Amino acid sequence: MTEEHTPGSAGDPTNAWDADDYDTDTGFVAAYGESVVDLLDPQPGERVLDLGSGTGHLTAEIADAVGPDGAVVGVDSAPEMVAAARESYPGVEFVHADARALTAADLPVGSVDAVFSNAALHWIPGADQAAVARRVADVLDPGGRFVAELGGTGNVSAIVDATKAPLRERGYDRDPNWYFPTVGEHATVLERTGFEVSMARLFDRPTELDGESGLRDWLDVFGDSLFAGLDEAEREAVVSAVEDRLRDRLYDPGTETWTADYRRLRFRAVRE
Ligand code: BEZ
């Protein structure tokens, strides 16, 4: 895979994306995101930005909630995701932009009452998180809320460890550059940027990956930073080794289901 952009993401160019694979193999991202929409609690008439809107399913749901008197815009750094979202939801605005450089002038709605983000912030390096928080604060009206979920510390650590080992055996010393913070780390970023964090929670969320190929499909969609530079044969050998290492722990042959060791960090913060 080439190094391009990320969906459901807002700026780090480390993963190549296919909008169809994303929906087919990782439809759980939007399904689980519905409870983050519940935490956002969008109200009729509100203006909302969905940061890292991916294929747009949650953006459209928020658009329904704010109704005709409100306005919603989805922003994503991956042009292929913006294109897919526009095609699926022609009545919703989607903009191609990088979260680290976003301004209200980029948004057809201007400043907003709320910023929402699901499964996107972890694609942006930790060193850039303060810049993102500043951009979010800048597009929010005073008193506006930032409601988001991202991977939390320890997220998919079993999968990462089981992948790094066979890579290392073949001479590749790889670390995925996902940002999976502790509550304290991320709350500090937000507080230093002028947010009051009213809720932050780290929790385990075991995530089922459908079918015998579920784990390899997941690695195919999310794993570019681990596999960059490997040819097809090497990649296949590593993926098979990952499956062998994790089968006893994460695979249920009865239901033909892999379960990924997800941990999520969810927060609600208010711009002071
Ligand atoms: C996610 O988008 O949910 C995700 C991305 C990378 C690693 C783990 C989870």
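**Reading the inside**

Reply: The largest cavity holds about 120 Å³ of space. This is a predicted model, where local features need pLDDT of at least 70 and side-chain atom pairs count only at pLDDT 80 or more, while totals for chains, interfaces and linings use all residues. Residues are numbered from 1 along each chain as its sequence is written, and side-chain values use heavy atoms, with hydrogens and water left out.

Me: What lines the second largest cavity?

Reply: That cavity has about 40 Å³ of space. Its lining includes Phe-28, Tyr-32, Glu-149, Arg-205 and Tyr-262. Helix H2 gives the largest share, 4 residues; helices (H or I, at least four residues) and strands (E, at least two) are DSSP runs, numbered from the N terminus.

Me: Now the packed parts. Which residues touch the most other members of the largest nonpolar core?

Reply: A nonpolar core is a set of buried Ala, Val, Leu, Ile, Met, Phe, Trp, Tyr and Cys residues joined through side-chain atoms within 4.5 Å. Buried means under 20% relative accessible area (1.4 Å probe, protein chains only). The largest core has 30 residues, and Ile-159, Trp-178, Leu-215, Trp-218, Leu-219, Phe-222 and Leu-246 touch the most other members. A separate core of 29 residues includes Leu-49, Tyr-179, Phe-195 and Leu-265.

Me: Why is strand S1 largely enclosed?

Reply: Strand S1 (residues 47-51) has 4 of its 5 residues buried, so the rest of the structure largely encloses it. S1 runs parallel to strand S2 (residues 71-76), joined by 5 bridges. Val-48 has Val-72 as its bridge partner in S2.

Me: And which residues of helix H3 are buried?

Reply: An α-helix has 3.6 residues a turn, so residues three or four places apart point the same way. In H3 (residues 57-66), the buried ones are Leu-58, Thr-59, Ala-60, Ile-62 and Val-66. They pack against H2, S1, S2, S3 and S4, with contact meaning heavy atoms within 4.5 Å. Just after H3, Gly-67 takes a positive phi of about 70°.

Note on methods
Buried means under 20% relative accessible area, exposed over 50%, partly exposed in between (1.4 Å probe, protein chains only). On a 1 Å grid over the protein atoms alone, a cavity is a set of points where a 1.4 Å probe fits but cannot get out, and a pocket is an open set with protein on both sides within 12 Å along at least five of seven lines; lining residues have an atom within 4 Å of a point. Grid points are joined across faces, edges and corners, and a volume is the space filled by probe spheres set on the points. Two strands pair if DSSP finds at least two bridges between them.
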